[in-house]
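Subject: Structure handover

Hello,

Here is the structure I promised to pass on. My notes follow below it.

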Amino acid sequence: MFHVKRTFEEYDIIVVGGGHAGVEAALASARLHKKTALVTLSKTSIARMSCNPSIGGLAKGHLVRELDVLGGEMGRAIDKTGIQFKLLNRSKGRAVWSPRAQADKRKYATYMQNILSSTHTIHILEEEAKEVIFSGNCVQGIILKNGEALYGKAVILTNGTFLQGLIHIGPIQIAAGRYGELPSLGLSDCLRAAGFVVKRLKTGTPPRITRRSIDFSRMIPQFGDSNPEPFSYVTTHFEPKNVPCYLTHTHENTHDILRRGLPRSPLYNGSIKGKGPRYCPSIEDKIVRFHDKSSHQLFLEPEWEGADQWYVNGFSSSLPIDIQCKALRTVPGLEGAEFIKPGYAIEYDYFPSYQLRHSLETKDVKGLYFAGQINGTSGYEEAAVQGFMAGVNAARALDNQEPIILSRSEAYIGVLIDDLITKETDEPYRMFTSLAEYRLILRADNADHRLWNIAQTIGIQSLEHCNTFKKSFDDREMIRTYFKHHSCPKELFSTLSLGHSDRYDHLIKKQILRQEHLPVLHEHLFPDFQTHSLDQAFIEILYEGYIQRQRQMVEKMRLLEDQQIPSTFCYDSIKSLSNEGREKLKKYRPETVGQASRIRGVSPSDIQVLLIYLR
Ligand SMILES: Cc1cc2nc3c(=O)[nH]c(=O)nc-3n(C[C@H](O)[C@H](O)[C@H](O)COP(=O)(O)OP(=O)(O)OC[C@H]3O[C@@H](n4cnc5c(N)ncnc54)[C@H](O)[C@@H]3O)c2cc1C
């Protein structure tokens with residue numbers, strides 16, 4: 001227990017942690033006119049990318065687009081500081097196209113630090129939060145390491161990988177939050193003592209090596225798109241750099257060295273207790289799990305433009321340094337690799353997220369919110385969207401407004417938060433398109449059309465931009481209606497070299513009228529509309545059957561989602577619930593029948609019983 005020296009200023013909202021969750025939480029809170037304190041261990045590490053120098057990617061790109069429409073900063077920041085942009089999965093269906101950018105991680109962090117320091121309602125304190133102050137079941141503030149108390153009406157914790165952080169490099173263990181940064185000790189003990197469940201997870205990162213030690217001539221350069229798209233809907237004048245990354249690969253020699261090192265791996269000798277991400281395995285994990293593969297791809301990525309420090313994507317490891325080094329030097333182009341930092345694994349405390357409401361407020365302590373890695377997620381984008389939603393909902397609660405809860409059919413953000421709250425995670429959770437059941441509705445290209453009205457309700461995005469999104473949506477609908485009622489005229493028909501004339505929607509569905517014809521349609525039929533609206537009308541018609549089916553499923557589910565369960569509901573009084581169903585319902589305490597139906601262990605017959613009792 002700390003001796004409280006004196007009381008400090010009172011804030012509306014205190015955000016602890018200046019990572020990707022903390023930055024968005026503080027900005028959202030301040031932009032909703034709340035007096036905000038951002039307490040973080042180091043001002044210069046605000047918005048630091050702990051691992052890969054990139055933003056977006058599969059499903060993560062969707063999250064960034066949604067955040068951008070709602071008024072978050074990540075999309076704008078990467079548009080200004082990215083050094084290579086690419087739309088992934090272009091050869092597949094539209095639902096899984098995802099934007100990704102290679103970041104200049106120094107410029108990215110500086111951009112965010114400048115935005116924060118120029119927001120006058122944010123007070124940045126370089127300090128460590130040691131305890132949370134409670135009053136009954138309400139939060140009152142935090143106690144800092146220097147002994148001062150900081151009072152606030154709401155507290156948002158976004159401590160990332162820092163809570164009791166422990167780095168592993170072979171037999172070496174270092175107490176740290178990230179390489180070269182001290183851990184946060186004590187805060188998770190304070191929350192455990194207050195009744196929160198705390199568990200351990202693990203993640204890892206690859207070595208960073210010097211540019212001069214890489215022989216790029218033995219690798220294949222990988223460029224971004226020559227005609228790139230920005231992340232943000234409000235970015236103008238977008239002419240980013242196109243700095244290449246380089247592709248190489250491991251081979252049997254590499255694998256032999258790694259295999260021989262396994263007894264010294266903290267992952268395999270039992271030193272690491274926390275579970276790591278299955279989808280993002282270390283190189284030693286890959287050679288064990290995929291033992292029949294003779295080669296794995298490695299991407300060499302600069303950490304900033306002109307960087308001397310390069311990231312070896314695909315070679316995450318916690319093996320001893322001598323093994324990492326020996327194995328990496330068998331890879332074509334890396335024979336002379338010089339290490340700046342070794343790869344390492346880190347174990348840290350997190351709070352299983354069934355302890356949260358969908359607003360990200362904790363169920364048991366009013367005004368206390370958790371966001372980011374401490375909820376068991378992994379990734380900058382997953383952290384950023386949670387931070388934003390926690391910031392918005394904490395601010396709304398202070399104004400006695402209902403929280404903003406995005407549904408699974410409205411946004412990937414809704415899928416992510418709903419998964420966190422209704423499913424137990426025992427490994428770091430990252431977003432995938434396969435986790436969204438309404439993928440065709442939730443495309444990265446239509447985030448503005450899906451969310452403009454929610455952005456307006458939140459009130460962070462400017463009215464001017466909300467109006468632009470709405471107009472684009474209305475235009476899409478107008479074009480769609482036009483396509484359903486008009487046939488392609490003869491003259492346009494021959495310009496497009498189509499086989500035979502028909503109604504536009506029929507031509508689109510039969511894939512006679514294709515994406516590459518859109519510029520001609522734009523010029524002849526809709527010169528005053530944005531190409532984006534035309535493109536969206538085209539997709540909506542192309543996938544109409546599937547989209548309609550998904551919308552029908554959404555409607556069916558809505559009936560369950562609308563059925564509220566009182567927080568005081570007594571499951572023990574319903575004898576006809578299955579034992580497992582009752583235990584899970586008591587543990588997760590779902591707010592709606594829809595949420596209850598997604599909890600593993602709650603059967604369809606439990607849901608029927610619940611519905612009868614609620615009626
Ligand atoms: C080694 C490593 C490997 C990773 N690998 C991957 C990967 O492969 N893929 C992937 O998607 N993601 C990876 N990540 C995760 C990614 O970095 C995080 O998901 C993301 O940064 C989480 O954002 P956050 O805001 O929750 O926390 P962080 O970015 O970790 O930020 C936490 C912030 O809280 C501050 N802080 C902590 N405790 C206190 C305190 N008590 N008082 C004040 N300030 C405090 C810190 O200074 C920091 O600013 C990795 C992270 C690490 C460290």
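What distance separates the centres of domain 1 and domain 2, taken over C-alpha atoms? The separation is 26 Å.

Two points before the rest. This is a predicted model, where local features need pLDDT of at least 70, side-chain atom pairs count only at pLDDT 80 or more, and totals for chains, interfaces and linings use all residues. Residues are numbered from 1 along each chain as its sequence is written.

**Domains**

The protein is split into domain 1 (7-205 + 348-453), domain 2 (208-344), domain 3 (486-547) and domain 4 (563-614). The bounds come from an automatic or database domain assignment. Domain 1 puts 42 residues into its contact with domain 2, and domain 2 puts in 44. Two residues are in contact if their C-beta atoms, placed from the backbone, lie within 7 Å. Several elements each supply at least two residues to the domain 1 side, among them α2, α3 (74-81), β4 (82-88) and β12. Helices (H or I, at least four residues) and strands (E, at least two) are DSSP runs, numbered from the N terminus. By class, that side of domain 1 has 15 nonpolar, 12 polar and 15 charged residues. Here Ala, Val, Leu, Ile, Met, Phe, Trp, Tyr, Cys and Pro count as nonpolar, Asp, Glu, Lys and Arg as charged, and the others, Gly among them, as polar.

**Cores**

Nonpolar side chains tend to be buried together in soluble globular proteins. The largest nonpolar core in this model has 122 residues. A nonpolar core is a set of buried Ala, Val, Leu, Ile, Met, Phe, Trp, Tyr and Cys residues joined through C-beta atoms within 7 Å. A residue is buried if 20 or more other C-beta atoms lie within 10 Å of its own, exposed if 12 or fewer, and partly exposed in between; the C-beta atoms are placed from the backbone. I14, I142, V155, I156 and Y412 have the most contacts inside the largest core. Helix α9 (residues 380-398) gives the most to this core, with 10 residues. I14 touches A37, V39, G141, I142, L150, G152 and V155, leaving out residues up to four places away in sequence. A second, separate core has 22 residues, including Y246, L298, F299 and Y311.

**Ligand**

The ligand is surrounded by 38 residues, and the closest are G17, G19, G160, G372 and G379. A residue is near a molecule if its C-beta atom, placed from the backbone, lies within 6 Å of it. α1 (20-31), β2 (36-40), β12 (199-205) and α9 give two or more residues each to this shell. The shell divides into 12 nonpolar, 23 polar and 3 charged residues.

Helix α11 (residues 447-458) has 12 residues. Its first and last C-alpha atoms are 15 Å apart, close to the 16 Å expected at 1.5 Å a residue. The expected span is 1.5 Å times one less than the number of residues in the helix. The buried residues of α11 are A447, D448, H449, R450, L451, W452, A455 and I458. They pack against α2 (60-70), α9, α12 (463-485) and α16 (531-542). L451 counts as buried because it has 24 C-beta neighbours inside 10 Å. Leaving aside residues up to four places away in sequence, L451 touches E66, V69, L70, E410 and A411. Just after α11, G459 takes a positive phi of about 90°.

Helix α12 has 23 residues and reaches 33 Å, close to the 33 Å expected. C466, F469, R476, I479, R480 and F483 are buried in α12. The buried residues of α12 pack against α2, α11, α14 and α16.

**Loops**

Most residues other than glycine have a negative phi. H237 has a positive phi, near 50°. H237 is in the loop between β14 (220-222) and β15 (245-249). Is H237 buried or exposed? H237 counts as exposed, because it has 6 C-beta neighbours inside 10 Å.

Q511 also has a positive phi, near 60°. Q511 is in the loop between α14 (504-509) and α15 (518-525). With 9 C-beta neighbours inside 10 Å, Q511 counts as exposed.

S603 is in the loop between α19 (593-597) and α20 (604-614). S603 has 14 C-beta neighbours inside 10 Å, so S603 counts as partly exposed. Beyond its neighbours within four places in sequence, S603 is in contact with S578 and G581.

Best wishes
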